[in-house]
Amino acid sequence: MKKLVFLLISFVALLNAQNPLLIPDTLSGSTINLALKQGTVAFYNPQVTNTYGANGNILGPTLILNKNYSVTINVNNQLPDTTTIHWHGLHVSPLNDGGPHITIPPTTTWSPSFKVKDWAATYWYHPHLHMHTNDHVQKGIAGFIIVRDSVERLINLPRTYGVDDFPLAIQTKAFDVNKQIVVLSALDTAVMINATLKPFLNAPAQVVRFRVLNGSSERAYNIGFTGNKTFFQIASDGGLLTAPLSMTRLRLLPGERAEILIDLAPYNGQSFDMISFGAELPNAIYGAAQPGMGPGQVIPSYSLNPLNGNNFTLLKLNVVSATANPVTTMPTALVAHNPWPQASAAITRTLIFMAANMGPTAIQGPFMINNQMFDMNVINYQIPFNNVEIWQLQNQTPIAHPFHIHDVHFYVLDINGNPPPLNEQGRKDVIMVPAGNSIVRFITKFETFYNDTAPYMYHCHMLTHEDEGMMGQFVVNSPIGISIKENALTNKSLVLYPNPGTDKVYVKVEKQNSTYLVADVMGKIVLSGTLNTTKNFIDIGELKNGVYFVKFDSSKTHKLIKE
Ligand code: C2O
Ligand code: CU
Ligand code: CU
């Protein structure tokens with residue numbers, strides 16, 4: 001009998017066993033080597049799960065980069081699949097960005113090399129292969145990037161990695177009976193932080209910093225602590241906020257990051273939990289009781305997942321003695337922000353999120369942007385270099401989408417006409433666009449990099465939605481004076497753009513010193529001149545709006561519309 005009780009107790013103890021939180025190793029310096037490989041993890045010992053990882057069985061090392069320093073990253077693909085690696089949130093040229101066009105076939109190495117231009121913040125890297133992002137991320141590839149800079153360094157913040165500064169990648173996964181990862185499933189019932197199930201962390205009794213990433217495919221989290229303890233958000237996706245924001249809940253959608261501080265000094269010797277208060281998530285966010293706006297909008301198996309609409313533990317914190325030189329106070333101010341004034345925007349682009357199937361199954365996707373599904377061969381926007389733009393995101397679907405754009409960070413102007421919450425007033429690269437025809441507007445500037453043929457992506461960061469086509473691409477065009485090569489990814493016959501145009505219309509210069517004539521519909525010549533690689537545009541700013549015809553040398557005539 002005693003034996004049986006003992007066995008029962010140990011069995012219960014085993015069920016509740018906590019695992020030490022995995023803290024990924026760090027890599028830094030001017031050369032970083034990442035090897036993508038297959039691995040195994042015994043999430044459910046003794047059963048073994050097949051995984052993908054970078055330099056290990058799952059996830060990847062945390063890359064510590066310094067602003068204004070150059071880095072070369074050698075990504076060696078030892079996987080059986082082609083993949084890509086995207087540096088989410090980093091402002092790099094499109095050829096270094098690792099989007100779906102920058103593929104790394106098996107056994108090859110891709111070596112992007114760039115100068116770090118970003119603010120100190122928490123970024124991440126993950127695969128981005130067209131239609132396979134979810135597959136490769138779910139199987140395990142993702143890692144943190146921590147950028148440091150001289151501004152952040154001067155603020156008294158916890159920044160000793162793994163001691164008072166902890167990365168927390170929150171993910172959920174679905175497993176089959178053999179404990180293999182199921183990529184497409186609404187039964188993602190296994191909650192893990194840094195690929196650790198039921199994790200605990202011994203954290204010192206002082207101010208500690210958590211760099212929280214929602215690395216999940218679809219699920220939103222509503223983060224807080226036992227007893228509604230107060231914590232402070234200090235950074236959003238792209239950098240520090242103006243000042244620490246006191247809060248008890250932090251909502252994070254897939255792709256989003258936040259850095260938070262919590263003072264653990266009062267809890268020395270105690271244990272408490274970081275929790276996702278899923279019961280408080282409003283409907284029409286993936287993770288709420290209902291994923292859509294109405295009870296009829298269902299996702300198969302969604303209601304069977306106990307995480308949906310319920311609170312659950314993310315991480316158990318055991319507060320232990322403070323370290324030698326602890327941070328004991330919260331900073332009062334962080335960094336200044338100077339968002340671009342709205343009046344400086346050259347254009348507002350409207351992106352409307354739609355469901356491919358209307359009616360009750362609309363919530364199951366696939367979703368589209370402006371009635372289009374992603375097409376690798378279509379460039380959706382040609383953006384003039386250095387353009388300041390407002391993007392207006394309108395969600396006509398019944399579920400919220402976390403919209404992400406590569407290349408830039410943005411400032412949210414408004415959400416349904418109201419200023420965004422304070423924690424969304426910093427630099428962002430992912431923003432939730434609520435359901436119910438909500439409109440989110442942001443402002444950004446397309447600076448530093450241009451390339452007429454290599455695009456950047458924008459997409460929903462719910463990876464299932466992205467893979468199914470809720471994505472588009474843009475190129476930032478060469479500035480004046482730089483030869484515009486034919487855009488191989490767009491219409492091969494593209495000669496003039498933008499067309500319709502308002503101001504300067506760029507010309508694909510076929511040969512040096514070609515002449516051009518612009519005639520109106522009556523045949524009257526209104527403009528003429530020569531083109532070469534340093535003057536490759538026609539200034540149509542003075543022309544009246546209407547239809548014109550452009551003729552180069554003796555080639556055929558092209559129609560041009562002035563708006
Ligand atoms: Cu984190 Cu285009 O993605
Ligand atoms: Cu990205
Ligand atoms: Cu979406």
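Which residue in β41 stands opposite V547? I561 does. This is a predicted model, where local features need pLDDT of at least 70, side-chain atom pairs count only at pLDDT 80 or more, and totals for chains, interfaces and linings use all residues. Residues are numbered from 1 along each chain as written, chains are lettered from A and ligands numbered from 1 in written order, and side-chain values use heavy atoms, without hydrogens and water.

Start with the strands (DSSP runs of E, at least two residues, numbered from the N terminus). β40 covers residues 546-552 and runs antiparallel to β37, with five bridges. Strands pair if DSSP finds at least two bridges between them.

V547 and I561 also belong to a nonpolar surface patch with V521, M522 and F549. Together they have about 450 Å² of accessible area (Shrake-Rupley, 1.4 Å probe, only the protein chains shown as cover). Nonpolar side chains are joined within 5 Å, like charges within 9 Å. V521 sits in the loop between β37 and β38. V521 is exposed, at 56% relative accessible area.

Now the metal. H401 (ND1), C460 (SG) and H465 (ND1) coordinate the copper ion (ligand 3) at 2.0 to 2.1 Å. Donors are N, O and S atoms within 2.8 Å of the metal (3.2 Å for Na, K and Ca); water is not among the atoms, so sites may look incomplete. H401 lies in β29 and C460 in β33, so the pair ties together parts 59 residues apart in sequence. Both H401 and C460 are buried (under 20% relative accessible area; exposed is over 50%, partly exposed in between; 1.4 Å probe, protein chains only).

Methods
Helix = DSSP H or I, 4+ residues; strand = E, 2+ residues; numbered from the N terminus. Patch = residues over 30% accessible without salt bridge, like charges linked within 9 Å, V, L, I, M, F, W, Y side chains within 5 Å. Salt bridge = Lys/Arg side-chain N within 4 Å of Asp/Glu carboxyl O.
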